[in-house]
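Dear colleague,

Please find below the structure that I am handing over to you.

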Amino acid sequence: MPEEGRIRPHADGSGAVDGAREALAAAQEALVAALVAGGPVPSGFDPDLLGAASRALLSKRAGEVARAWPALAASFGPRWGERFARWAEGRPPRGPWRDGWDFARAHRDALDPAAARELALAEARWRYDGNGEPRPRRFALRRIPGGGVAVIVSGRLQTVLQRPS
């Protein structure tokens, strides 16, 4: 393999390459934080362009959450993207499923029956405290908004009992 174009440490052993890598990693981390987690604009970046890129990423994130949580997104109708973006701004992404779950829990009182049911079924199937990774439940009985009970056995939804009308 030719040596040309390869980065080599200085002969004096100063570790300039390691320092450059650490500086680059820190700059990348600052840029990502500004784009998706509400961090400050790093020096050398246009705040308007960075803001536009951040809004585009929030919009993409809202679309991904809408695909993972269709009833949740539908419950907010055309305001979905705006409401989700306002909530998500400054929060680092945790994946569409967890972002949707966190959003639904934060807006539990505003959910329509279909979205409340979607959230209740997720909470019946999974144990999630909002911090760690969701873990499947082996057994659960959960009331479902609008009537009914979800029965989880061996981690699988077995039955959703509905009240007779």
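The following paragraphs set out what was found in this structure, which is a predicted model.

I begin with the hairpin. Strands β3 (residues 139–143) and β4 (residues 149–153) pair in the antiparallel sense, with five bridges between them. Within this pairing, Ala 140 has Ile 152 of β4 as its bridge partner. Five residues separate the two strands of the hairpin, and in the turn Gly 146 adopts a positive phi of about 90°.

A nonpolar patch also deserves mention. Phe 139, Leu 141 and Val 153 together make a surface patch of about 290 Å². Of these residues, Leu 141 is placed in strand β3.

The next point concerns helix α5, which spans residues 96–106. Its buried residues include Arg 98, Asp 99, Gly 100, Trp 101, Asp 102, Phe 103 and Ala 104. Among the elements that cover the buried residues of α5 are the helices α2 (47–68), α3 (70–76), α4 (80–88) and α6 (113–125), as well as the strand β1 (126–127).

Finally, I would draw your attention to Glu 118, which belongs to helix α6. Is this residue, Glu 118, buried or exposed? Glu 118 is buried, yet it has no salt bridge. The nearest side chain of opposite charge is that of Arg 125, at 8.9 Å; the salt-bridge criterion requires a side-chain nitrogen within 4 Å of a carboxyl oxygen. Leaving aside residues up to four places away in sequence, Glu 118 touches Trp 69, Pro 70, Ala 71 and Leu 72.

Yours sincerely

Note on methods
Residues numbered from 1 in each chain as written. Predicted model: local features only at pLDDT ≥ 70, side-chain atom pairs only at ≥ 80, totals over all residues. Heavy atoms only, no water. Patch = residues over 30% accessible without salt bridge, like charges linked within 9 Å, V, L, I, M, F, W, Y side chains within 5 Å. Areas by Shrake-Rupley, 256 points an atom, 1.4 Å probe, with all protein chains shown as cover. Helix = DSSP H or I, 4+ residues; strand = E, 2+ residues; numbered from the N terminus. Buried < 20%, exposed > 50% of the residue type's maximum accessible area, 1.4 Å probe, protein only. Contact = heavy atoms within 4.5 Å. Pairing = 2+ DSSP bridges. Lys, Arg positive; Asp, Glu negative; His and termini not counted.
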